[in-house]
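Trainee: Please pick a single part of this model and take me through it closely. I want the cut-offs as well as the values.

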Amino acid sequence: MTDEVRAPAPAALASGLVFAIVFFIVAAGWASFTIIQPGNVGVVFNRWSGALKTVGQGVAWRIPWITQVQSYPIALRTYTMVQRSEEGTRGDDSIDLPTKEGQHIRQDISVTYNTSQEKAGDVFRSFRGAEIADIEATFIRRTIITVAQNAAGQMSLTDLISNQRGQLQEHIQGDLQVQMNKMGFVVDKVNLGASHLPDAIEKQMQQKMGAQQNAQQADYELQRQQTLAKAKVAEAEGDAQATLVKAKAQAEANRLLQEALTPLLIQNKAIERWNGTLPQFTGGGAIPFLNLKDLGGDAHGAAGSPR
């Protein structure tokens, strides 16, 4: 019985050994290559010799457990640090920026960058073969924060959130390009998003903006009133000038008329308008418009003529 029980043991052992060999071969075959995804560059590192070489996208062959392959993005990649958790890398991840007055605001920022294909080996050496996500969480994150805080610390709060905002963005981008290029990365673009002010500063800014708006409104109203006053003065001056011109014209017309109205002309005008009928009742005065002296000679001549 004992020999019969022990008889299958060598067969089971052989089967286990065969299975282990097959598993080892499959594992070795699986570990002998790595797929470099599109938009990435691969770095092949030999642990024994320390040799490095870069390979493009596709299959990168390696010796299992001796050669390590790591890929880095050469296509543009964006690292975002914002307050809204649905967009940020770490939830509320906006940067705390100091101002030269000692005040603080929180600033959303995003950095678009990629790995320099020529320096991919340097990236591997500098970060000991770490993956890009780990590099972002350490070096890239700390560098962005440090550069942004140094740039903002030279500016006032008003400049940070208003007219000098573009200069701040350019300053951060330039300094960040220098720092990240040392480690094998290329910065493409820095974008500043929303600025988040503390409640006390927000209230002060709103009050200041309200005062400025009121001052602008008052200045506008003053200018409007001055414009209206000038318009009324101009209108009054125009009316006065027109009245003066009209009066001068009337005076000149009266003068000419007075010079033209001789006694004979007046009498002729009266005769032209007289209908030949004398008034039935007259007072003690002379008959208007008739010169009896001029008419007397004719009257006497007519009376002395023979009938």
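Mentor: Start with burial. A residue is buried under 20% relative accessible area, exposed over 50%, and partly exposed in between, with a 1.4 Å probe and protein chains only. The model is predicted, so local features need pLDDT of at least 70 and side-chain atom pairs count only at pLDDT 80 or more, while totals for chains, interfaces and linings use all residues. Residues are numbered from 1 along each chain as its sequence is written, and side-chain values use heavy atoms, with hydrogens and water left out.

Helices are DSSP runs of H or I with at least four residues; strands are runs of E with at least two; both are numbered from the N terminus. Helix α4 covers residues 132–152. At Ile140 it bends by about 35 degrees. That bend is the angle between two fitted axes, one for the seven residues ending there and one for the seven starting there.

Now look at which side chains of α4 are covered. The buried set includes Ile132, Ile135, Glu136 and Phe139. Ile140, where the bend sits, is buried too. An α-helix has 3.6 residues a turn, so residues three or four places apart point the same way.

Next, the rings. Rings of Phe, Tyr and Trp (its six-membered ring) pair if their centres lie within 6.5 Å; planes under 30 degrees apart count as stacked, over 60 as edge-to-face, and the rest as tilted. The structure holds 5 aromatic pairs. One of them joins Phe127 and Phe139. This pair is tilted, at 5.4 Å centre to centre and 50 degrees between the planes. Phe127 lies in the loop between α3 (120–126) and α4, while Phe139 is in helix α4, 12 residues apart. Phe127 and Phe139 are both buried.

Phe139 also pairs with Phe185. Here the rings are stacked, 6.4 Å centre to centre with 25 degrees between the planes. This pair links distant parts of the chain: Phe185 is in strand β9 (residues 185–196), 46 residues apart from Phe139. Phe139 counts as buried because its relative accessible area is 14%. Phe185 is buried because its value is 0%.

Phe127, Phe139 and Phe185 belong to one aromatic cluster with Tyr113.
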